[in-house]
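Let's take a walk through this fold together, one element at a time. Have the sequence and the 3D view open side by side as you read.

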Amino acid sequence: MKLYITPGACSLSPHIVAREAGQNVDLVHVDLAKKLLKHDSSDFKAINPKGQVPVLETDDGDIITEGPVIVQYLGDKAPATKIVPAAGSKERYKMQEWLNFITAELHKNFGPIFRPTTPDAYKQIAKENIAGRFKWVDEKLAGKSYLMGDTFTAPDAYLYVMTRWAKRIGMEMDQWPHLKAFSERVEARPKVQETLKAEGLV
């Protein structure tokens with residue numbers, strides 16, 4: 001399998017999940033600004049017309065886009081790891097609920113902040129939106145190691161990426177002690193450290 005990534009982007013989430021699930025993937029680095037593959041300068045949009053990472057190319061040549069879908073595919077290939085709960089279980093739907101919340105309520109609010117053309121006033125609104133969502137997540141993490149309890153699952157990788165982004169834009173994590181502890185707990189995982197090193201982030 002091939003996983004198309006940009007270091008530190010949202011593709012970090014499926015990269016973590018792949019390593020946690022023991023799924024071997026060849027990393028293909030993408031220059032998102034130019035929409036080119038870094039190794040040969042070919043057109044990334046020929047792979048994904050949406051021009052976004054992550055993209056997973058399966059063993060049989062299928063193309064899967066959208067991080068929340070890719071992590072479920074990777075997890076389903078390694079059911080013993082329980083990084084995604086079994087299809088049809090109540091836990092599976094809870095996991096999907098978290099993935100959808102993170103992508104719609106957190107991830108999308110970061111986009112305008114990272115764009116240099118976004119007016120400062122709107123960036124502030126986006127930060128306030130993120131802070132409100134983080135406060136709610138912080139409350140949900142009270143007394144738990146991970147979003148689903150004591151077991152690391154796919155949404156944890158995605159939420160961890162959001163906490164990394166929050167630090168990049170100067171958001172102070174101390175105001176959300178449970179979320180801060182969660183982020184540190186995820187970062188300390190051996191497979192997460194392995195992933196960060198592979199992307200040149202540590």
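Helix α2, residues 67-76, lies across β4 and β5 and runs at about 125 degrees to β5. Keep in mind as you look around that this is a predicted model.

The strands under discussion belong to an open sheet of 5 strands, ordered β3-β2-β1-β4-β5, with mixed pairing. At its edges sit β3 (36-37) and β5 (63-65), each of which pairs on one side only. As a reminder, strands of a sheet pair through backbone hydrogen bonds, either parallel or antiparallel.

Both kinds of pairing can be seen at β1. Towards β2 (residues 26-31), strand β1 (residues 2-5) runs parallel, and 4 bridges join the two. Towards β4 (residues 55-57), β1 pairs in the antiparallel sense over 3 bridges. K2 is a handy place to look: this residue stands opposite D26 in β2 and also opposite E57 in β4. For L3, the bridge partner in β4 is L56.

Two packed helices are described by the angle between their axes and the distance between the axes. For α3 (residues 90-114) and α4 (residues 120-140), the axes come within 8 Å and cross at roughly 155 degrees. Angles over 145 degrees count as roughly antiparallel, and α3 and α4 are therefore roughly antiparallel to each other. The crossing of α3 past α4 is left-handed. On the α3 side, the residues that meet α4 include W98, F101, L106 and F110, while the α4 side contributes, among them, Y122, I130, F134 and W136. Sorted by class, this α3 and α4 contact has 12 nonpolar, 2 polar and 5 charged residues.

Helix α4 has another partner to visit, α6 (residues 177-187). Here the axes come within 7 Å and cross at roughly 80 degrees, which makes α4 roughly perpendicular to α6. Which residues make the contact? From α4 they are F134, V137 and D138, and from α6 they are P177, H178 and L179. By class, the residues of this contact divide into 4 nonpolar, 1 polar and 1 charged.

Note on methods: Residues numbered from 1 in each chain as written. Predicted model: local features only at pLDDT ≥ 70, side-chain atom pairs only at ≥ 80, totals over all residues. Heavy atoms only, no water. Pairing = 2+ DSSP bridges. Axes fitted to C-alpha atoms, helices over the stretch in contact; angles between N-to-C directions. Parallel < 35°, antiparallel > 145°, perpendicular 65-115°, else oblique. Left-handed = near helix turned anticlockwise from the far one by under 90°. Contact = heavy atoms within 4.5 Å. Nonpolar A, V, L, I, M, F, W, Y, C, P; charged D, E, K, R; others polar.
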